[in-house]
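Subject: Structure handover

Hi,

Here is the structure I promised to pass on. My notes follow below it.

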Amino acid sequence: MNNSVSIVTGASRGIGRAIVKGLSKDTHILAVARNFRDLPSLQDEIIDGNFRHKIESIIGDVSNPKTALRVIRMAVTNNWKIKNLICNAGIGTSGATHNLDFKEWQKIFDVNVNGCFHFVRACLPSMLEQGFGNICIMSSTAGLKGYSHNAAYVASKHALVGFAKALAIEYGKYGITVVPICPGFVESDMTTRTINGVANRRNISYQEARVIVEKVNPQKRILAQQEIVEAVKFICSGNARALSGNPLILSGGE
């Protein structure tokens with residue numbers, strides 16, 4: 001059994017949960033989430049799958065730097081080397097920008113951008129000491145272009161792409177790979193909320209709104225979570241160093 005660990009934020013549901021399950025065959029897991037409700041069932045699924053590695057759950061808000069420090073202490077306690085950091089935690093709301101409250105704007109940046117920064121900063125010393133590490137930063141196609149009624153989310157995802165590019169240049173020579181992943185719409189709670197938002201604004205049915213959202217992706221479909229998991233697994237395999245700093249766009253042709 002190896003002693004490497006993957007840290008996954010936003011791990012209890014959706015894409016984060018799928019990533020945890022995908023990586024648990026290869027490393028130990030430190031799963032970070034705000035809500036305890038879904039983490040026990042995730043642990044049970046992994047244990048029932050007879051995987052060889054351990055999973056530890058940490059309840060905490062990524063926007064609080066103390067959460068990242070707790071995770072690092074747990075890795076040290078278990079004598080695990082931090083191989084992979086997947087900054088997946090993210091939130092977003094939709095609505096007209098002139099109605100966007102600054103507190104909501106700040107909350108989105110606190111989770112999406114500052115939360116990522118806290119975990120990257122906490123993990124870098126260990127990665128530098130061991131001379132390797134993979135960092136996946138979950139951005140979005142919204143980190144590369146604009147979307148109406150999503151100004152705060154779009155701005156935060158652009159910030160993550162820039163952050164990843166800077167990290168790749170700064171730490172690439174130390175064996176650390178940093179890739180911003182930019183999916184289009186993926187089957188998730190967030191995409192469901194987006195569809196509902198479109199339906200409400202246009203006064204149409206959920207299914208009609210879903211078709212509109214599907215057409216945003218060039219293949220006219222919403223991506224499966226497993227497609228994102230496979231990309232993360234490739235980056236975490238250690239074979240993606242040439243991708244470092246380059247947005248990995250997963251949208252079916254965009």
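Strands E5 (133-138) and E6 (176-183) run parallel and are joined by 6 bridges. Strands here are DSSP E runs of at least two residues, helices are H or I runs of at least four, and both are numbered from the N terminus. Two strands pair if DSSP finds at least two bridges between them. Met138 stands opposite Ile181 in E6. The chain gets from E5 to E6 through helix H5 (residues 151-171), in a right-handed β-α-β crossover. Right-handed means that, with the strands pointing away from the viewer, the path from the first strand over the helix to the second runs clockwise.

A word on the source. This is a predicted model, in which local features need pLDDT of at least 70 and side-chain atom pairs count only at pLDDT 80 or more, while totals for chains, interfaces and linings use all residues. Residues are numbered from 1 along each chain as its sequence is written, and side-chain values use heavy atoms, with hydrogens and water left out.

On its other pairing, E5 meets E4 in the parallel sense over 4 bridges. Cys136 of E5 is the bridge partner of Ile86. The crossover from E4 to E5 goes through H4 and is right-handed as well.

How much of E5 is buried? 6 of its 6 residues are. Buried means under 20% relative accessible area; exposed is over 50%, and partly exposed lies in between (1.4 Å probe, protein chains only). Gly133, Ile135 and Ile137 point one way, Asn134, Cys136 and Met138 the other.

Now the whole sheet. It is open, has 7 strands and is parallel, in the order E3-E2-E1-E4-E5-E6-E7. E3 (55-59) and E7 (248-250) are the edge strands, each pairing on one side only. E1 (residues 4-9) and E4 (residues 81-87) share 5 bridges. Ile7 stands opposite Leu85 in E4. Helix H8 (residues 225-236) packs on the sheet and touches E4, E5, E6 and E7. Contact means heavy atoms within 4.5 Å. The direction of H8 makes about 150° with that of E5. Angles run from 0 to 180 degrees between N-to-C directions, and axes are lines fitted to C-alpha atoms, for helices over the stretch in contact.

Last, a helix pair. H3 (residues 65-77) and H4 (residues 102-130) pack at about 35°, with axes 8 Å apart. The contact residues include Val71 and Ile72 of H3 and Phe119 and Ala122 of H4.

Best wishes
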